Amino acid sequence: MSEEQILSKAYDPAEVEKKWYSIWENRGYFHANPKSSKTPYTIVIPPPNVTGILTLGHVLNNTLQDILIRFEKMNGKETCWVPGTDHAGIATQAKVEAYLKKEKNLTRYDLGREKFLEQVWAWKEKYGGTIIKQLRTIGSSCDWPRERFTMDDGLSNAVKEVFIRLYEKGLIYKGHRIINWCPKSRTALSDEEVNYKEEKGHLWYFRYPFADGSGHVIVATTRPETMMGDTAVAVNPEDERYKDKIGKKLILPIVGREIELVADSYVEKDFGTGAVKITPAHDPNDYELGLRHNLEVINIMNDDGTMNAAAGAEFEGMDRYVCRKAVVAKLEELGCLDHIEDYTHQVGYSERGDVPVEPRLSDQWFVKMEPLAAPALKAVEDGRIRFYPERWVKTYRHWMENIKDWCISRQLWWGHRIPAYTCDKCGHIMVARDMPSACEKCGCDKLTQESDVLDTWFSSWLWPFSVFDWPRQSEELKRFFPTQSLVTGPDIIFFWVARMIMASLEFMGDIPFKDVYFTSIIRDEKGRKMSKSLNNSPDPLEVVKQYGADALRFTIIYIAPVGQDIRYSNEKCEIGRNFANKIWNVVRFRLSQGPASADWMSLDGLSSTDLRADDQWIIARLNQVVASVTEGLRAFRFNDICKQLYDFIWSEFCDWYLESCKPVFREADSQGKGNVLRVFDYCLGTFLRLLHPVMPFVTDELYHQMGFAAEESSIMLSAWPTALSDETLAKLGVTVDTVPMAEGKFELIRATRTIRATYQIAMSKALDMVIVPTGEKETAYLSKDMLTLKSLFGANTITVQAGYQPDGPCGVAVSGMGTAYIPLAGIVNVEEEVKRLRKQEAEWEAYLAGVRRKLSNENFVARAPKEVVEKEREHITEFEEKLCRVREQLKSFGA
């Protein structure tokens with residue numbers, strides 16, 4: 001039966017991918033059994049925002065997780081990959097608010113809290129979770145029946161339990177402090193939710209007059225709009241310019257209020273004039289200084305970044321940046337503007353709202369982090385948790401050693417509402433699992449629950465154990481926690497990774513995972529980060545439609561070196577598509593030779609006498625690849641294993657081994673054809689399994705087309721290949737010389753093909769050749785399998801003869817295996833060829849002389865980088881060999 005009848009000529013990824021994913025999911029291949037006796041291997045997905053859609057970042061992250069899950073499943077583990085989504089407080093609420101405004105011209109305040117939350121849940125059910133469905137498109141083998149949502153009942157219960165336990169332990173408190181405030185989202189932000197951008201601004205210098213009329217102090221500021229909230233001017237106590245003025249009263253311009261000149265070591269003498277305005281309500285450092293000097297705190301802004309009544313009637317209602325211009329103009333009018341300087345500084349932006357944050361004095365809830373951070377840092381430093389790449393340990397350590405308390409309250413409606421209740425009568429605060437019936441302090445039965453919700457990350461940090469229904473000691477929790485590996489981006493090392501380690505150690509008494517792999521950042525070909533605004537962020541679903549999921553998966557890993565940014569373009573997916581087509585055509589070719597060998601899974605029963613040299617070589621190389629890919633996956637070197645498989649399958653198996661099999665397959669009665677087919681099938685079945693974690697769809701299809709798996713089974717249920725023992729290799733005749741001898745032969749073949757190309761001799765033209773082997777071992781090797789040798793060389797006859805001297809014009813090919821002579825009489829113009837070779841000889845002699853002069857120069861050798869000197873030495877060896885070949889060729893032309 002021909003391969004066309006068995007396998008379609010062209011690979012159609014869409015058809016194959018649709019077919020196989022439904023088979024895998026419907027048969028329950030992704031679902032983990034907690035009662036299994038197998039060793040568990042667990043991954044929890046970094047939960048994408050419920051509002052999200054699939055991006056290339058998700059493709060990279062989830063492909064890596066899928067590779068690990070499929071690899072460990074084939075290694076006999078009970079794999080559990082828990083999927084889910086994050087409720088994404090600010091992002092989701094903003095989406096729904098925008099939807100209500102556009103579709104119904106309503107705000108959340110028009111609806112009220114309960115009705116608004118009903119709208120959010122309805123929106124979530126209709127539009128949320130799209131990304132989870134899209135993950136199926138790229139082959140993610142998640143345990144879908146275990147899908148979780150950070151606001152489902154089980155996880156909400158875990159969040160409440162953790163809040164209460166930390167509160168009872170004294171690690172959660174409510175405090176009046178300066179926090180980061182997003183005027184756009186109108187909510188507090190943690191320090192980690194602030195991104196700093198370098199901006200070109202100004203430094204304004206204003207004159208603040210002394211109340212006694214004895215002159216003025218010039219203060220420098222980047223924020224004139226906050227001056228109405230100034231309650232002091234501060235200088236460094238060691239600054240000689242101000243020592244006799246400390247304690248004097250100043251008049252705050254515009255406002256006319258008296259403020260004091262105070263001394264504090266916080267002030268840098270070299271900044272501006274050494275005198276700075278102090279606004280305790282609008283700067284965290286000023287607030288701390290204000291506490292030390294018992295200064296008044298005056299808040300002059302509303303929560304949307306506009307000025308309030310305390311800013312004065314002239315400025316009330318203005319946007320903060322409009323107010324800035326108005327204040328500068330007013331001070332100039334009053335004669336208080338001294339001068340303005342250009343000034344470049346770092347400005348904090350809200351990660352969610354992408355507007356400058358506003359320091360704001362507010363009542364917020366905080367977690368004391370130092371007691372939780374110490375054991376979490378130790379877990380990484382003592383190696384219980386390993387980071388890949390390891391350099392991220394330094395970043396993690398720096399953050400943990402300088403950790404600040406975590407502001408966990410958010411002024412939102414969508415999220416986990418804080419389980420705190422305030423007595424309407426006496427103001428006493430109680431934290432409880434349910435609304436208390438009465439105040440425990442005064443007995444009043446009128447209580448109000450805290451209106452704020454918890455930071456989204458407060459639910460995410462519990463993810464590795466809350467997904468298994470903690471605090472209930474479920475069967476799944478006992479079986480699948482702790483997890484083994486985490487794949488995530490380095491941008492959330494603080495938001496999520498560090499906090500998960502802290503929470504797991506605190507509430508489970510164990511680490512949440514053993515290995516953390518940090519993915520690369522995907523950039524476009526110009527090195528720019530991908531974004532919608534730059535129109536350089538492709539839709540992965542469109543890429544899958546054009547190239548196939550396997551092609552996208554393979555390509556994105558192939559071009560992703562560990563710890564380096566990825567330069568991506570859709571065109572690069574041709575790498576994966578061409579590779580899938582190559583494997584498809586290998587199987588088509590193989591099926592044209594008949595069905596798979598019955599005992600394809602092993603080489604039992606074969607010995608060295610049953611195998612050709614090329615069979616032994618491909619077995620040796622495959623064995624090295626099996627060991628290397630297995631070790632590479634365990635060490636998270638995904639990019640390396642893709643390159644190894646690509647190079648082995650394309651450049652070794654297809655380019656050399658498959659070609660060496662063709663003459664054997666053409667000979668219907670060829671001795672040993674069955675053995676060659678068996679080795680071919682053994683290699684094919686092995687590398688399909690090695691490749692399966694990366695390219696699951698095409699490998700399962702081809703595995704079945706070959707008959708390697710029963711119809712009711714899958715390649716993902718088959719055993720991961722293991723390397724053959726030294727004893728087995730010896731029995732098959734594989735020695736330390738097997739690979740170098742074959743490579744020497746291939747090098748010689750390549751050299752003869754170069755000669756053919758040089759003289760435009762078609763491969764279809766069979767030549768009579770002579771090979772002068774390097775030694776007796778090479779003579780025996782070349783003489784062993786003349787059928788294959790002639791086919792690969794494209795020769796009519798090959799004479800292996802030591803001491804041969806050409807008696808006419810010849811092309812000369814040289815390798816470690818020997819020298820091949822290709823008769824050129826009647827094929828080339830001898831006179832012209834001699835002229836060309838003489839010119840080449842002269843050029844290379846001149847080049848070698850120049851390199852030798854350079855290396856004889858002691859100054860060059862002493863001063864040049866070591867690698868440069870070494871490169872020059874390598875050039876001498878390389879060009880001496882080239883010169884030797886030219887002279888051999890000239891000799892054969894009688895010149």
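**Ground rules**

I number residues from 1 along each chain as its sequence is written. Because the model is predicted, local features need pLDDT of at least 70 and side-chain atom pairs count only at pLDDT 80 or more, while totals for chains, interfaces and linings use all residues; side-chain values use heavy atoms, with hydrogens and water left out.

**Confidence**

I started with pLDDT (the predictor's confidence in each residue, from 0 to 100). The chain has a mean of 92, and 98% of its residues reach 70 or more. Residues 1-5 fall below 50, and beyond near neighbours in sequence I find six contacts for this stretch in the model. Contact here means heavy atoms within 4.5 Å.

**Helix α12**

Helices (H or I, at least four residues) and strands (E, at least two) are DSSP runs, numbered from the N terminus. For burial I use relative accessible area: buried is under 20%, exposed over 50%, partly exposed in between (1.4 Å probe, protein chains only). In α12, residues 392-401, I listed Trp392, Val393, Tyr396, Trp399 and Met400 as buried. They share one side of α12 because they cover an arc of only 130° around the axis, taken from the directions from the helix axis to the C-beta atoms. Lys394, His398 and Glu401 are exposed on the other side of α12. What do the buried residues of α12 pack against? My list is α11 (370-381), β15 (386-388), α16 (493-507) and β23 (515-518).

**Two helix pairs**

For axes I take lines fitted to C-alpha atoms, for helices over the stretch in contact, with angles from 0 to 180 degrees between N-to-C directions. Angles under 35 degrees count as roughly parallel, over 145 as roughly antiparallel, 65 to 115 as roughly perpendicular and the rest as oblique.

Next I looked at α18 (residues 549-558) and α23 (residues 696-705), whose axes come within 7 Å and cross at roughly 125°. That makes α18 oblique to α23. Ala549, Asp550 and Arg553 of α18 make the contact with Pro696, Phe697 and Val698 of α23.

The axes of α4 (residues 89-104) and α6 (residues 113-127) come within 10 Å and cross at roughly 100°, so this pair is roughly perpendicular. On the α6 side I noted Phe116, Gln119, Val120 and Trp123, which meet α4 residues including Thr92, Tyr99 and Leu100.

**Backbone details**

Most residues other than glycine have a negative phi, and most peptide bonds are trans, so I went looking for exceptions. I found a cis peptide bond between Tyr388 and Pro389, with omega about -5°; Pro389 sits in the loop between β15 and α12. Another cis bond joins Trp470 and Pro471, with omega about 10°, and Pro471 is in the loop between α14 (463-466) and α15 (475-480).

Ile254 has a positive phi near 70° and lies in the loop between β10 (249-251) and β11 (258-263). Its relative accessibility is 28%, so Ile254 counts as partly exposed. Asn294 also has a positive phi, about 55°, and belongs to the loop between α9 (284-293) and α10 (320-333). Is Asn294 buried or exposed? I have Asn294 as exposed, at 71%.

**Gln134**

Last, I checked Gln134 in helix α7 (residues 130-137). Gln134 is buried at 13%. Leaving aside neighbours within four places in sequence, Gln134 is in contact with Ile53, Leu54 and Leu541.
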